[in-house]
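Please walk through this structure with its main features pointed out. Start with the sequence and the 3D view below.

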Amino acid sequence: MKRQAEATETMEVEGQTSAKAQAIGVGESPVRRKEAPVDPEMGEFEDNWEDEIDSDEEVVEEHDDDENGESILLSTAMEVDGIQRAAEDEEAPEPEGDVYIPGVHKLETDEVLEADQSAYEMLHHMNVTWPCLSFDVLRDSLGDERRKYPATAYIVAGTQADHSSKNEVLVMKMSQLHRTQKDGDDSDSDEDEEDAVDENAVLEYRSIPHFGGVNRVRARPLAAGASLPPPNEPYHVATWADTGKVHIWDVRPLLESLSTPGYFADKKRSQQTVHTITAHGRAEGFAMDWSHASPTSSSPVRLLTGDIASKIYLTTLGTAGFTTANQPFASHTSSVEDIQWSPSEQTVFASCSADRSVRIWDVRVKGRKNVLGIMKSHESDVNVITWNKGTSYLLASGGDEGGIKVWDLRNLKGASSPAPSPVASFAWHTAPITSIEWHPTEDSVFAASGADDQVTLWDLSVEQDEDESGTKELLTASGEKLKDVPPQLLFVHQGQKDIKEVHWHPQIPGCVVSTAGDGFNIFKTISV
């Protein structure tokens with residue numbers, strides 16, 4: 001599967017060579033509408049404060065411009081509207097429409113999609129200078145189970161610029177993330193009214209120069225409930241570069257500079273690599289995962305990296321620093337696409353490959369061969385896997401054909417035994433699955449993204465009634481059948497183009513962050 005993001009610059013601030021992000025915005029009303037004609041003499045939006053921005057300490061506030069509608073999110077509750085509304089006629093009634101179904105409806109050249117705000121508890125988006133193929137959520141010191149608004153989130157991402165020397169690792173803070181405004185909200189709660197104040201969200205960031213495009217970013221996990229390390233201790237982030245090298249960074253000083261006013265990060269510490277893995281040679285890769293942290297475990301910190309040459313290398317943190325084993329794990333016959341450590345066994349991990357297999361390994365096995373496997377798990381390349389943290393015998397996979405499958409690992413019998421049947425299989429997506437992740441606390445819930453520009457939320461615990469078939473029907477206003485929908489499909493989120501990765505926020509229940517060729521979305525639905 002080709003994962004390279006197209007390096008299209010989405011914002012340019014005159015006079016600055018490293019301006020990185022645009023405003024975080026809020027979605028609008030849920031209609032498919034005609035776009036107003038654009039004056040060909042008008043350029044892109046200008047930044048009225050461009051002369052006052054410091055590029056490495058930029059603070060950006062959101063736009064509420066209606067022009068942003070073409071990149072706004074979309075839930076399953078979308079309406080279809082073929083009527084062009086005059087900009088000055090704000091009193092015109094909203095036309096009624098049918099549910100928008102991806103793969104069934106098609107936007108005309110002068111139509112755009114707008115989000116149904118009633119389907120979201122929170123919805124924001126931000127554009128970036130260069131596409132970010134991968135990102136990870138950073139834990140912070142603001143506490144777990146955060147449900148109040150405005151929310152704050154920290155993430156780390158890597159860019160895919162048009163030239164290797166322009167790439168960066170971005171550590172970002174998104175704050176003032178307010179609750180989504182809903183028309184007709186008659187809540188009497190003073191707290192809800194205070195949370196829903198319509199203020200601009202704020203984006204701040206720090207950057208690290210990174211030679212080469214960033215294929216994947218992963219932050220070293222911190223144990224649930226654990227506090228953020230003090231500023232003098234490291235918080236490691238690894239980046240898989242398209243140069244064939246894996247770099248390990250310490251982003252703790254950058255996090256501190258974003259959260260503590262007046263704190264100046266030590267550039268020597270934050271902008272120099274802690275360690276670089278060169279064992280892969282010139283073979284780049286995407287697969288990478290840190291071992292899980294546990295407050296009761298003395299297991300060493302481990303990092304696995306897999307490349308397009310079918311090799312997997314193990315790097316371990318010891319008292320003398322990081323060291324990479326010379327002998328790779330080598331059973332795959334094609335590109336290693338994703339890796340996941342077992343959440344319950346400290347020496348066990350899973351991998352998936354373009355050879356259509358999912359394999360289970362144990363680092364204690366001297367031959368460096370897999371011990372279990374599903375040889376033909378998908379019809380095509382297996383792009384992504386995710387290991388359930390609560391129910392550790394469940395592993396989900398996503399394929400290049402668009403299929404999602406859930407496997408019970410207790411059914412695996414040997415390294416080359418016939419593939420068992422998956423305990424669940426879904427064919428909703430119409431293009432390759434690009435990301436999949438179990439919910440951090442709800443064992444039956446997972447999120448997935450696809451090259452069909454959808455982020456989908458699923459719940460395996462949902463069952464149809466006895467008198468229903470395996471899917472439910474969606475009908476138009478006239479009663480015409482559109483598409484069968486699996487009852488486990490909770491939510492379809494759209495509006496982004498070329499979606500690459502999706503993650504749950506571990507400290508904000510139900511909060512989802514996704515990255516695409518046109519920027520990031522952070523949202524929370526009414527479904528999860």
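Arg356 sits in the loop that links β20 (348-353) to β21 (358-362). Strands here are DSSP runs of E with at least two residues, numbered from the N terminus. This is a predicted model, in which local features need pLDDT of at least 70 and side-chain atom pairs count only at pLDDT 80 or more, while totals for chains, interfaces and linings use all residues. Residues are numbered from 1 along each chain as its sequence is written, and side-chain values use heavy atoms, with hydrogens and water left out.

Arg356 is not a glycine, yet its phi is positive, about 80°. Most residues other than glycine have a negative phi, and most peptide bonds are trans. Arg356 counts as partly exposed because its relative accessibility is 31%. (Buried means under 20% relative accessible area, exposed over 50%, and partly exposed in between, with a 1.4 Å probe and protein chains only.) Glu145 also has a positive phi, about 55°, although it is not a glycine. Glu145 lies in the loop between β7 and β8. At 46% relative accessibility, Glu145 is partly exposed.

## A cis peptide bond

Which residues does a cis peptide bond join? They are Tyr149 and Pro150, with omega about 0°. Pro150 belongs to the loop between β7 (134-138) and β8 (151-158).

## The nonpolar cores

The largest nonpolar core has 23 residues. Such a core is a set of buried Ala, Val, Leu, Ile, Met, Phe, Trp, Tyr and Cys residues joined through side-chain atoms within 4.5 Å. Ile155, Met172, Met174, Phe520 and Ile522 have the most contacts inside the largest core. The elements that give two or more residues to this core are β6 (120-128), β7, β8, β9 (168-177), β10 (202-209), β34 (511-516) and β35 (519-525).

Take Ile155. Leaving aside neighbours within four places in sequence, Ile155 is in contact (heavy atoms within 4.5 Å) with residues including Met126, Phe135, Leu170, Met172, Met174 and Phe520. A second, separate core has 18 residues, among them Val384, Ile404, Ala424 and Trp428.

## Aromatic pairs

The structure holds eleven aromatic pairs. Rings of Phe, Tyr and Trp (its six-membered ring) pair if their centres lie within 6.5 Å; planes under 30 degrees apart count as stacked, over 60 as edge-to-face and the rest as tilted. Phe135 and Phe520 form an edge-to-face pair, 5.6 Å centre to centre with 85° between the planes. Phe135 is in strand β7 and Phe520 in strand β35, so the pair ties together parts 385 residues apart in sequence. Both Phe135 and Phe520 are buried.

Phe349 and Trp361 are stacked, 5.7 Å centre to centre with 5° between the planes. Phe349 lies in strand β20 and Trp361 in strand β21, so this pair ties together parts twelve residues apart in sequence. Phe349 is buried, with a relative accessible area of 0%. Trp361 is buried too, with a relative accessible area of 0%. Phe329, Trp341, Phe349 and Trp361 form one aromatic cluster.

## A covered strand

Is strand β16 (residues 302-307) mostly covered or mostly open? Mostly covered: six of its six residues are buried. Arg302, Leu304 and Gly306 are buried on one side of β16, and Leu303, Thr305 and Asp307 on the other. In a regular strand the side chains alternate between the two faces of the sheet.

Strand β15 (residues 285-290) pairs with β16 in the antiparallel sense over five bridges. (Two strands pair if DSSP finds at least two bridges between them.) Gly285 stands opposite Asp307. Five bridges also join β16 to strand β17 (residues 312-318), and these two run antiparallel. Here Gly306 has Ile312 as its bridge partner. β16 and β17 form a hairpin with four residues between them. Ser310 in the turn has a positive phi of about 75°.

## A four-stranded sheet

Four strands form an open antiparallel sheet, in the order β23-β24-β25-β26. The edge strands, β23 (382-387) and β26 (424-426), each pair on one side only. Strand β24 (residues 394-399) and strand β25 (residues 404-408) share five bridges. Leu394 has Asp408 in β25 as its bridge partner.

## A buried glutamine

Gln496 lies in the loop between β32 (489-493) and β33 (499-504). Gln496 is buried, with a relative accessible area of 3%. A polar contact of 2.6 Å joins the side chains of Gln496 and Ser514. (A polar contact is a pair of N or O atoms within 3.5 Å; within protein, one must be able to donate a hydrogen and the other to accept it, and residues adjacent in sequence count only if both atoms are side-chain atoms.) The Gln496 side chain also reaches the backbone oxygen of Gly519, at 3.1 Å.
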